[in-house]
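Thank you for making time this morning. I would like to walk you through one chain, starting with a term that we will need and then moving from the overall picture to a few residues.

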Amino acid sequence: MKAHVSTAQGRANIFQDESGVHLRIIESSGTIWEAGFFPANDHAGFGQAWENALALARDVIDSSFAARH
């Protein structure tokens, strides 16, 4: 499963593999950083991992994120 969200500064990619859910930020400058990893090992765990990854993606996409971090 994958999700992509475009932002003014680049995009956020969320994807799932056998170990959990990953959130990567790809800035328009070409910089790629792993913003979060949410481990999971069962259906319920993957659901919670996706919720957490999406919440973090929303926070990173928020224009005030850089000022806070």
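This is a predicted model: local features need pLDDT of at least 70, side-chain atom pairs count only at pLDDT 80 or more; totals for chains, interfaces and linings use all residues.

Let me begin with the polar contact, which is a pair of N or O atoms within 3.5 Å; within protein, one must be able to donate a hydrogen and the other to accept it, and residues adjacent in sequence count only if both atoms are side-chain atoms. With that in hand, look at histidine 22, whose side chain makes such a contact with the side chain of glutamate 34, at 3.1 Å.

Residues are numbered from 1 along each chain as its sequence is written, and side-chain values use heavy atoms, with hydrogens and water left out.

As for confidence, pLDDT is the predictor's own confidence in each residue, from 0 to 100, and the chain averages 85, with 86% of the residues scoring at least 70. Confidence is highest in strand E4, residues 32-39, at a mean of 93, and lowest in helix H2, residues 65-68, at 52.

Now to the layout. Helices (H or I, at least four residues) and strands (E, at least two) are DSSP runs, numbered from the N terminus, and here there are two helices and four strands, running β-β-β-β-α-α from the N terminus on.

What share of the 69 residues counts as buried? The share is 30%, where buried means under 20% relative accessible area, exposed means over 50%, and partly exposed lies in between, with a 1.4 Å probe and protein chains only.

The largest nonpolar core has 13 residues, and those with the most contacts inside it are Ile14, Val21, Leu23, Ile25, Ala49 and Ala53. Such a core is a set of buried Ala, Val, Leu, Ile, Met, Phe, Trp, Tyr and Cys residues joined through side-chain atoms within 4.5 Å. Strand E2 (10-17), strand E3 (20-27) and H1 each give two or more residues to this core, and H1 gives the most, with six.

Let me return to histidine 22, which is in strand E3 and counts as buried, at 11% relative accessibility. Leaving out residues up to four places away in sequence, histidine 22 touches several residues, among them Asn13, Phe15 and Glu34, a contact being heavy atoms within 4.5 Å.

Glutamate 34 has a further partner: the side chains of glutamate 34 and arginine 24 meet in a salt bridge, at 2.8 Å from N to O. Because glutamate 34 lies in strand E4 and arginine 24 in strand E3, the pair ties together parts that are ten residues apart in sequence. A salt bridge is a side-chain nitrogen of Lys or Arg within 4 Å of a carboxyl oxygen of Asp or Glu, and a search of the whole structure finds one. Glutamate 34 is partly exposed, at 39% relative accessible area, and arginine 24 is partly exposed too, at 33%.
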